[in-house]
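Q: Could you take me through a protein model one feature at a time, giving the general idea before the particular case?

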Amino acid sequence: ASGSASSGGSSSAETVDFPGNKQVSLIVPYSAGGASDTVARIYASELEQSLGTSIVVSNVTGASGWVMWNQMMESTKPDGYSFFLINSPNVTTGKYDPDNTMKYDQNDFEMICNEVTDSNCLAIRVDDDRYSDWDSFAAYWQQEGSLITSASGLGITSDDATADMLVANDLGVDVDIIASGGSGDNVTFLLNGTTDFLMGNVSEMVAAHNDGQFKILCVFAEERDSNLPDVPTYEELTGNLVVGCSSRGYAMLKDVPDDIKQILGDAVKAAVQDPDLIEQLNAIYTTTDYKEGQEYVDYMNQQQQQARETWGV
């Protein structure tokens, strides 16, 4: 491992000059302007205060995050001057994607902390004459045997597709998932009648639900989402706990020197828990869900295991 020259043999975080007057890069594996990028840029301004240097957000896109994560593993110096966003299920399930198998998963990174958990939720058209609430929707699905929905990613790497499968398995029915270009297309497909229901994430669906564009029937979480206080969980409706979500957190390379790892990690964690940041994320319907250490590792591994069981890999 190529450690930082400034770290020497020191064991105390106070003896290393990190970050000094050098800027630190936060690398996002998705395009500028998307949900992950938006959260990262809000976060970077808070981190500048806790780390005491400028944070540059850069975007390295492709392969649902894996162009960047591979680049970090294989061609990035582990000096602590770059750390990166990790998303589940992309980072947890790429290793088990039969169509595009990746070499790594979250356990190959030094995971710092989780910032956001964005629960899945299910919606229907407000003017659908076949069903209007959960009971009539579930009864119709069971009567028909199969319904159509859409997702921008198909298979194990998509939290939406995995949630679709979890619900279908629980109800004893089938689901036909068609490919889309993203969450905007999924809404269009629902509203124009191409699909029977919409599966997505709370942060991207709350505003349209509140505006009456569609009706969210349930949230796939252990408790109600603070952004949708009147919407029940799937467990409340059925008695069966089904949890589905995507999450966003931060990681660095394992070979970063321990003293630098401590400084960067402490600053990243402090910024995630900053009340001002939490308030800014709440304003865009994004719920902070802080996890660090073994709790974070267990959380990501559990998501990985659920997806593998759902898709039988």
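Predicted model: local features only at pLDDT ≥ 70, side-chain atom pairs only at ≥ 80, totals over all residues.

Q: How many residues does the largest nonpolar core have?

A: A nonpolar core is a set of buried Ala, Val, Leu, Ile, Met, Phe, Trp, Tyr and Cys residues joined through side-chain atoms within 4.5 Å; buried means under 20% relative accessible area, exposed means over 50%, and partly exposed lies in between (1.4 Å probe, protein chains only). Here the largest such core has 52 residues, and those with the most contacts inside it are Tyr43, Phe83, Phe84 and Ile86. Apart from that core lies another, of 26 residues, which includes Leu122, Trp141, Leu147 and Leu166.

Q: Which residues of helix H4 are buried, and which are exposed?

A: Helices (H or I, at least four residues) and strands (E, at least two) are DSSP runs, numbered from the N terminus. In helix H4 (residues 134-144), the buried residues include Trp134, Phe137, Ala138, Tyr140 and Trp141. Seen down the axis of H4, the buried residues fall within an arc of 160°, so they line one face of the helix; the arc is that of the directions from the helix axis to the C-beta atoms. On the other side of H4, Asp135 and Gln143 are exposed. Among the elements that cover the buried residues of H4 are strand S4 (110-124), strand S5 (146-151) and helix H5 (159-171). After H4 comes Gly145, whose phi is positive, near 90°.

Q: How many salt bridges does the structure hold?

A: Side chains of opposite charge can pair when their charged atoms come close. A salt bridge is a side-chain nitrogen of Lys or Arg within 4 Å of a carboxyl oxygen of Asp or Glu, and this structure holds ten salt bridges. In one of them the side chains of Arg41 and Asp37 meet at 2.9 Å, N to O; both residues lie in helix H1 (residues 35-51), four residues apart, about one turn of the helix. Arg41 is partly exposed, with a relative accessible area of 38%, whereas Asp37, at 3% relative accessibility, counts as buried. Another salt bridge joins the side chains of Arg125 and Asp128 (2.9 Å, N to O), and both Arg125 and Asp128 are buried. The side chains of Asp289 and Lys291 also meet in a salt bridge, at 2.7 Å, N to O. Salt bridges that share partners join Arg125, Asp128, Arg130 and Asp196 into one network.

Q: How many disulfides does a search of the whole structure find?

A: A disulfide is a pair of cysteine sulfur atoms within 2.5 Å, and a search of the whole structure finds zero. Cys113 is in no disulfide, and the nearest cysteine sulfur, that of Cys245, is 16 Å away. For Cys121, the closest cysteine sulfur, in Cys218, is 8.1 Å away, which is too far for a bond.

Methods
Residues numbered from 1 in each chain as written. Heavy atoms only, no water. Contact = heavy atoms within 4.5 Å.
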